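Colleague: Could you take me through one part of this model up close? I'd like to hear about the packing inside, and then the rings.

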Amino acid sequence: MSWRYRFTLLFFLLFFALIIMRLFYWQVVRAQELSAIGQAQYDQQVVSEAQRGEIKTSDGFSIAADKLAYLVYINPKVVKNKDSESDALGKLLDIKSATVSALLSLNKFWVPIKSSVDNNVKEKISAKNLPGVGFEEQTVRYYPEASMAAQLLGFVGKDARGNDQGYFGLEGYYDRQLSGKNGYAIVVHDASGHPILAKMNNSTVKVDGRDLVLHIDRRIQYMLDTELKKGISAYGAKSGMAAVMDPKTGAILAMSSFPDFDPSHYQNYPDSTYINPFITDTYEPGSTFKPLIMSAAMNAGLIQPNTQCDICSGPVPIGGYQLHTWNDHYFPNTSMTDVIVHSDNTGMVFVGEKLGLDRMLDYMQKFGIGDMTGIDLQGEEAPGLRAKDQWHPIDLATASFGQGIVVTPMELLDAVDAIANNGKRMQPQIVAAVQTPDGQTISIPPKEINQPISATTAQVMSQIMVDAADEGEASFARIKGYNIAGKTGTASIPVAGHYDPTKTIASYVGFGPAENPRFAMLVVLNQPSSSIYGAETAAPVFYAVAKDILMYYGIPPSE
């Protein structure tokens, strides 16, 4: 065999080896990548969006729902006059024409221009008969009552992948129930970009979200919003919050806070307004805490309503401090009933000493102080109680009248609600039922957490709170003819290791009618400027709402 023959054979063998290696590279090594590139040229995955569930008040009115909107897109390859079309779309969609022009310059068959376009704008664009412009149906979240109960509802935004997701409140807590499951289809296009085939796999059919039916009563919510906003303005408070609860079931009938935001345009508001302060903000409750400590000592058999205080003739010295009453008025040998009526701090120190640290902490935990209530809203927080070894005699004394200890408003309302409910503490609930897309209604039953005090103790404490409402410093605001149990609160605000004497958290908590409570309510005003006292600021707001509720329920006078 000549050398020329061997050289030619070797050449062709090497040549075919290179071809085989190249084919292996394209068909094996880069097979998936090339397949994806090729597929992208002729097909596209289209999402069939699941309908997000509605959120309805107790009367069936939707306060959060989806409404129809459109994605505007264009095929740049069929645009004839780019400049005029850019100007027209820019004006109709409120986008700079230069931005639209840049999108029309892309070498693509399909380019999205703007999403969430309403029907009016869509019709105006359609009337222009612009070449290459098309529309895809979308849904956007709609809140017909604007900012009503905004922090309770939360809002729907976008996650990291651009998909709808609920944030805060009910939208966040029940996001999986509300969102459902999207379906997916593959749309095949021809070389010009026109669809020629669509197919849907059965495993990707969309499943619409579930509806939520709330305990929220739209009329009571309106009453609370209206009176709270008026109170904040009238008393010059920085902010305010309040909630109304059904004592027997734990159902939240209304929850309000200001400043608030509009969930439909949440992006136009500071992030701080998204947070629901009623379940997140902590504060020292002041005298609204006294009924809990008093009922704990009575339940433990340590005192009776007529037990006399033997340290109430003047300031009480403890650990180098002098503890005073709120107005420096003293009532020697005062009864426990009058301690609550007069909101006597020295009398509460007497009760705290009778109770002792171990029992006080035990009863606080039974009342849920330091724990989350379990309310079905995203973002609830609880400050927790200090460890037992971190308490000092002065801490026991001040905690007995609600200073030196922090709670959330939801914790306090839920605890006082136990007094209204014969000693039984219920878990607060926003959602009454869940409705599935196929028409089933799944009710959520009330949940009893525990019973911190006996029914007898609760009834005695209720009557003491009625006396406090009728004879205490807020008696001017009471509703004549009705037995409303109530307690004022004026808590100083700690600043740099001491309390600011000019700034307070003013509050009022109570329930009624006392003989058969239909509502429990807490009103909290942050730093009112017209007066620092809860009796003169929060109490009038409480009684304005209470009067409206009594009339709305058609409850006759007790007397």
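Modeller: Let's start at Met364, which touches Phe289, Ile293, Ile369, Leu385, Trp391, Ala399 and Ile405, leaving aside residues up to four places away in sequence. Contact here means heavy atoms within 4.5 Å. Keep in mind that this is a predicted model, where local features need pLDDT of at least 70 and side-chain atom pairs count only at pLDDT 80 or more, while totals for chains, interfaces and linings use all residues. Residues are numbered from 1 along each chain as its sequence is written, and side-chain values use heavy atoms, with hydrogens and water left out.

Met364 is one of four residues, with Leu170, Leu214 and Met294, that touch the most other members of the largest nonpolar core, which has 92 residues. (A nonpolar core is a set of buried Ala, Val, Leu, Ile, Met, Phe, Trp, Tyr and Cys residues joined through side-chain atoms within 4.5 Å; buried means under 20% relative accessible area, exposed over 50%, and partly exposed in between, using a 1.4 Å probe and protein chains only.) Helix α13, residues 345–366, gives this core its largest share, nine residues. Helices are DSSP runs (H or I, at least four residues), strands are too (E, at least two), and both are numbered from the N terminus. Apart from that core lies another, with 34 residues, including Val244, Phe258, Ile479 and Ile555.

On to the rings. The structure has 16 aromatic pairs. Rings of Phe, Tyr and Trp (its six-membered ring) pair if their centres lie within 6.5 Å; planes under 30 degrees apart are stacked, over 60 edge-to-face, and the rest tilted. Take Phe261 and Tyr269: their centres are 6.3 Å apart and their planes sit at 65°, so they're edge-to-face. Phe261 counts as buried because its relative accessibility is 1%, whereas Tyr269, at 31%, counts as partly exposed. Phe542 and Tyr543 are edge-to-face as well, with centres 5.1 Å apart and planes at 80°. Phe542 is buried at 0% relative accessibility, and Tyr543 is buried at 4%. Back with Phe261 and Tyr269, you'll find both in one aromatic cluster along with Phe155, Tyr167, Phe168, Tyr266 and Tyr274.

Lys366 lies over the face of Tyr363, 4.8 Å from the ring centre, and the charged end of Arg518 sits over the ring of Tyr553, 4.3 Å from its centre. For this, NZ of Lys or CZ of Arg has to be within 6 Å of the ring centre and within 35 degrees of the ring normal.
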